[in-house]
Amino acid sequence: MAKKLGFLVNIERCIGCHACEISCKSFYQLEPNMRRRRVTELPEELVGTPVRAFVSTACNHCDEPACKKACPVGAYTKREDGIVVHDQNMCIGCQMCGKACPYGVPQFNPVKKKMDKCSMCYDRLDVGQLPICVEKCPLEAIQIVDYNEVEPSNSVSVVPTFADPSITHPTTHFILPKPGKQTRRF
Amino acid sequence: MNHSEIKHSCLEERMFMYQLFLHYYRGDLLKLPAAEWGKLLEILECQPALQSNDWGRKAVLQLQNMTTQTLEPFEYDFNRLFVGPNKLLASPFESSYQNFEGTVMQAETLKVRNFYYYEGLQVANEGGLPDDHIQFELEFILHLLSSEKKKEALHLFLEKHLLKWVDQHCARIEEHSQSLITLAFGYMLKGFILLEKSLIEGEGL
Amino acid sequence: MLNETISRRTFIKGSVSLSALLGLGAAGTQAPKGLIPKAAAKTNGKVEQFYNACPRNCYDTCSILTTVEDGRITFITGNEKNTYTKGRLCVKGNTYPRVVYSPDRIKYPMRQKGRGSGNWERISWDEAYTIIAKKILEIKKEYGSTLPICLNKYSGNFNILNYATEGMLSSIGYTTRAQGTPCDPAGSDAQGFDMGVAYNNDPEQFLDADYIILWGANPSWTSAHSMYFIEEAKENGTKLVVIDPLITQTASKADEYIQVKASTDGALALGMIRYILDNQLYDKEWVNQNSIGFNEFFAYVKKNITLDWAAEKTGVPKPVIERIAREYATAKPANIWIGFGMQRHVNGGAMVRAIDALAAITGNIGKKGGGVNYIGGETWGFNYHTMSFGAPEGSGGEEDRFVNMNNFGAQVLAANEPPIKMMWIACRNPLAQDPEPTVVKKAFDQMDLVVTADLYMNQTVEYSDIVLPVTTPFESVGINVSYWHYWMNVNEQAIKPLYETKSDLEIAMGLSKKLNQIEPGSCTFPVSGDPLEWVEKELNNDIKALFGVKSWDDLRKNGGTAKANESITVAWNDLKFRTPSGKYEFYSKKAAQYGHHPLPVFTEEYKAPKEYPIRCMSPHWKFGIHSQFQHQDWLMAIQDHPFIEIHPDLAKTRSIKDGDIVKIINETGYMTLPAKITKMVPADTVVMYEGWWKGVNYTENFTVKALAEDMGEYKKGQRGIAFHDNFVNIEKA
Amino acid sequence: MHDLPLVIFTILSQLVIGGFVTLWWLDRKKCPISRQSGLMISISLVVLGAISVLISLLHLGHPFEAYRAILNIGVSWLSREVTFYGMFVGLSVLYTWFWLKDEAGKRSLIGGIASAIGVIAIFSSAKIYMIPAIPAWNSVTTLFSFFLTSLILGPLFVGAFLAIRGELSANISGISITALIAAAIVMVVYFSSLQGGLPQAVEAARLTTHQLLFWIRLFTFVIAFAILTFTFKNQYKQNNIIYSLVFVILFVSEFLARFQFYETAIHL
């Protein structure tokens, strides 16, 4: 059976440090505001008690990628293993994919005048290496999972700020933080 | 004058201008005493290239107004623009313009380095100084100008490198310059680059 | 097109005159050449890898793997051979390529005409050395000693070879030194009184802990690599308790978070001790065999401490104190990590002593996975060869004179006979990082010469006479260890130094050479030497044996990183304490000698003055280490302005809304910055993160007074600053 | 604002298609239109069509590679829009040719095919924007409003043109008033559905109504409606000045509406 690769983001472990984001940027030498992975702050009341929580997201390599449907030149392909790949050589920079993606993943690169997005480092995966963000997360909070093999029981497919997964069926899953006990003065 | 003579004189004139800018960016003019500036001005006043365009004329006019007082802040302003220690206001590195975040020693710098290699040259302190400092690019152009055979390479280098960024560089000088001299040289460079552009367009290739 | 009317003759004349005028041949003939014939062997696409060490003032002190292509760095990441770094860097480390190749680096030695004027002239290294050397000799002549020369160097780069700066100054005679540390002094004294010295367990042993209390520590932001082991432990069932006045990122990860009133942690520890003693949960055997003064301490607690008092004092309900005390006392082993922030109070040292006592009575000290972990220095046994040359013969004065780094401005101004006339600043940014920056500036004004060595323009450089450009770790050689983990990391030179940058060691040699040229024998520091030889001289047999390496070069060839022998990774495993009694000292005569209560008693916290009722804390920021990194644009792209965190209840009383500009003010100074309304801070406290200076005309220290901590003299020579006892008022600006 | 080329393109293309269909319809209904007038209108539509295509290229990162945009016609509505609109413009050139040649039969046939393709083009165009990622767009009202723009601007354009030429024989006011009433209903439905929709839709509605542009849009719309109603029964008033004026007012109105459509779109 074909693979269905997706990111599994462990918010319980994520400390919002942005190392995933910057290591990816450094490795691919992306322009300053280009981010293939982004860390965003979640609402303080995410788990009931107020905490600092972050989620790291990249391309969600959806089962029904809206970018692929929107792209007029067919620059998007979904590989057998589920990775949605954007061929920058074909891209004409119309930016429809960025509009159509519920997660706003494809970003317009103002230098190349083309769209840019995470490829799950498929060229690294193909030679047995992990994606940069997975390898470089100091907390090992990002994993690649073959969802055809395991459906992590403790994971969810949506967090606040994350768009309705029924639109494009993203493969990214999240492990939510367990609420800790708090004794607060305020 | 016949046709070839015009070209010849153009070439020498160009070499003069490139040399002047090379000296300028290398900092050779920083310690020039006031009297010597007068002589330099005299030479500049009889340069056909300078007199032939607005920016050049503007530059010479600026320099004619020079006094000993204007000489003093020249060095400080030169350093603020091109040397430091502050954030450079008009970086003399090509990559500061060609690289999107202005980082030096990236692909843009390597392209320049490879051009030098192609001509059998390298920066003396390679790795120690980014290869795309304007001073090296000017020196490289002078090297290419010295031989008719290298004309094609010269045009390619000008088009791919110097002409691509110097406009922006001059704009930043205009924006941040606080000294009459740095501004004059900014104008002069801008005017000269315009001439170079039209020359290349004229010669086609 | 070109004007044809001007004759060729005129023109050639011009060209020749230009060259004559400048006293140079035409470019490319006699002038120094920028371009030279290419070396034949040069090829493109050569990829090499080097080991580097992150030398910043950080627990994690990472081992770095640097990829270099065609002589330029293309990627910088962690070294996988180091089981603490684990092949990964923090967010700041990931920005190193930009740190090296930012066009904004300081490139050349420069001299400023008029301090703060921004009028800089470029000078050669030789000129720089000459100016400095002449000034040094002039001062020596005028005052009969070099004491008017003051060094202020601290933690910007902990490469062992960087002690060359201290060494060079010692080599010219006796000088004045900024002494002490704004970092850990009170806590280090406390642990010194209790155990002889601060000594922590290997942080990789969080995995062996059954129970972890992070007491005022926020490793999520300040030690991401430790946080990995803590999260792993949590996943294995270890309970993580975080005690902190703020809901830090780490507190957000805790199984249990306890919000203690700032500066009352000692009361909480003593309350827990009272419960443990009352309930016979303490380790009688451990206490009997390994400590002195337990009975006196026991008596103090019984007499003075009650749980109700502790609850009242700390704001933590009694049942919670009881439960945590029971859990901690019954977990084996239980691990406490005391953060530096917790002791930045006027009673910080006393609080650390109380927490130490808690760990001691439960027998957690000397146990793998346990301990009361604060800081350690067991791996720092280098030769410090760079500091070994001594003052030259005939130096005036008898010994170095010290001023307190934590009250630098005032003490420099107060110093006389002789006064301080010259300052050398390295690895520091005092105008941004010191309390009362206006006073520091006044001290600068009194100087004849201020020399600063730095990587980037900052407030201190702006106010210097001479700036010396320094190398990044990737451009020089070195060796690093950590004050937290047990690894030693090699730092290879990965690339040529850019521009005219030099390492502190090279600067020291260069200046010594110049001094000896002008006045032979005036500086004992070697005038030349290969940094590779220098670094080998740092390793002695003990340290080689400890790390199992033959030499620096051997380590370089074998992974670039080595871990110390297991025998030292469990603090006090042999239970031979380095106190006068050789035991754990609940009762410390040493403490009494230094004017403290001999027992770990509670001392009162600093009380808020009426006009300034709000505590303003300035903990470390996740995108910077002090004033380093924050200004890098890769990080500015994530967060481009400082802010102040305010609890919604407090904000309401001042009608402050999220994003409003707020003025923070007290008798020392004021600043204005945007508010972030958040429940992460208590309603009696506001938080402004430390080290932000780029793009603003203030620093977090504008309201910080040079208020001393209770301890610090014993181990660091000077007390620290109670940074977190900073009281202010806020209003909508 | 980087979507401006799209604002202009959609408005112009819908105007052109609407105008084209009107011209073809009137011509087919044997309303007397002189060859010269037909040719002029037809040419002006071709020119506007060409301009709209050129402007649409401006929002591409690589305008010269735009030809590749038809590659993904199997799934991409953008590809379909490009293809059908391209075909439409091509056919309108041919149509113009038959005006020039004055071949009424071929003209009618080609015009019919082109009209059908134009309708498909508008449909494709609307479908591009009906995406869940942008709740304010993801509704059938987008489809209606695109067609209504066409219906509001197209006939008026031709009507004004014919009125200037003195050849207007059909009551354009009727169509326009109907279109405006429909547009008003769609507007009401649109805003009430936004209000009851996802938070991003509510925000889009809030943003829209908080801009001055919205009130100018409403004002111009009402004014145009009033003028048209006033002229509806009075053929004498259906003159070149009135139609030109109303066309300009409505063009501004529709332009503003479309501008806001892009400007206030909140992404999920």
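In this predicted model, C:I273 counts as buried because 27 C-beta neighbours lie inside 10 Å, a residue being called buried if 20 or more other C-beta atoms lie within 10 Å of its own, exposed if 12 or fewer, and partly exposed in between, with C-beta atoms placed from the backbone. C:I273 belongs to helix α8 of chain C, which covers residues 265-278; helices (H or I, at least four residues) and strands (E, at least two) are DSSP runs, numbered from the N terminus. When neighbours within four places in sequence are left aside, the contacts of C:I273 are C:V301, C:A357, C:L358 and C:I361, where contact means that the C-beta atoms of two residues, placed from the backbone, lie within 7 Å. A separation of 9.8 Å is found between the C-alpha atoms of C:I273 and C:R326, which are 53 residues apart along the chain.

Residues are numbered from 1 along each chain as its sequence is written, while chains are lettered from A and ligands numbered from 1 in the order in which they are written. Local features need pLDDT of at least 70 and side-chain atom pairs count only at pLDDT 80 or more, whereas totals for chains, interfaces and linings use all residues. The pLDDT, the predictor's confidence in each residue from 0 to 100, has a mean of 93 in chain C, with 95% of the residues of that chain reaching 70 or more. Over residues 1-12 of chain C, however, the pLDDT is below 50, and this stretch has 19 contacts in the model beyond near neighbours in sequence.

Chain D is divided by the domain assignment, which is automatic or from a database, into domain 1 (1-129) and domain 2 (132-268). The C-alpha centres of domain 1 and domain 2 of chain D lie 20 Å apart, and 25 residues of domain 1 of chain D are in contact with 25 residues of domain 2 of chain D. On the side of domain 1 of chain D that touches domain 2 of chain D, the elements giving two or more residues are α1 (4-28), α2 (35-57) and α4 (104-129) of chain D, and the largest share, 13 residues, comes from α1(D).

The contact between chain D and chain A takes 22 residues from chain D and 21 residues from chain A. Helix α3 of chain D (residues 77-100) supplies the largest share of the side of chain D that touches chain A, namely three residues.
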